[in-house]
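Work through the following exercises with the sequence and the coordinates at hand, and compare each step with the solution given below it.

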Amino acid sequence: MTDIEKAERLGRARALIMALAATVLIFNVWLQYGDAQYASAGGRGGSWLVVIGLWTFILWNGGGLRPGGRVRALLNDELSLQNRSRALALGFYAAILLALACYVGEWLTPIAAGDALKIVSAGAISAALLRYAWLEWRLH
């Protein structure tokens with residue numbers, strides 16, 4: 001298998017994993033909403049920090065550290081870097097809009113701070129992951 005074929009395969013796999021991760025994040029927010037144990041100090045609350053930190057790191061570095069040399073250069077070409085920038089921009093705007101939605105939603109029904117932070121963080125990361133996955137899937 002040539003380096004180009006490896007990069008194509010890894011690019012498709014990266015897109016699929018990012019889309020799956022976004023789906024799991026949104027499902028977790030829905031599943032954990034209103035349960036104070038998932039926003040408190042301890043294993044359950046701390047696991048959220050790890051998950052969000054992990055996916056933020058993956059978005060930051062372009063989806064992986066494993067491939068080296070030519071394969072990594074092919075995988076993270078100029079178009080992929082542009083796609084990542086576009087995805088991160090969407091994630092930023094999603095965070096602003098979700099924060100505003102939580103603020104207004106609080107006028108109608110109480111929203112715990114931990115739940116609001118999870119909605120904003122998961123929504124922003126998921127939006128960025130889905131956008132990046134979609135753009136990369138079209139590319140590969």
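**Exercise 1.** Determine how many helices and strands there are in the chain.

*Solution.* The chain has five helices and zero strands, where helices (H or I, at least four residues) and strands (E, at least two) are DSSP runs numbered from the N terminus. Read along the sequence, this gives the pattern α-α-α-α-α. The model is a predicted one, in which local features need pLDDT of at least 70 and side-chain atom pairs count only at pLDDT 80 or more, while totals for chains, interfaces and linings use all residues. Residues are numbered from 1 along each chain as its sequence is written, and side-chain values use heavy atoms, without hydrogens and water.

**Exercise 2.** Describe the box that the C-alpha atoms fill, and the contacts in the chain.

*Solution.* Taken along the principal axes, the box filled by the C-alpha atoms is roughly 55 × 30 × 20 Å. Of the contacts (heavy atoms within 4.5 Å) between residues at least 6 apart in sequence, 80% join residues at least 24 apart.

**Exercise 3.** Find which residues line the second largest pocket, and which helix gives the most to the lining.

*Solution.* The lining consists of Y38, A39, S40, G45, W48, L49, I52, G114, L117 and K118. At least two of the lining residues come from each of α2 (43-61) and α5 (113-139), and α2 gives the most, with four residues.

Notes:
On a 1 Å grid over the protein atoms alone, a cavity is a set of points where a 1.4 Å probe fits but cannot get out, and a pocket is an open set with protein on both sides within 12 Å along at least five of seven lines; lining residues have an atom within 4 Å of a point.
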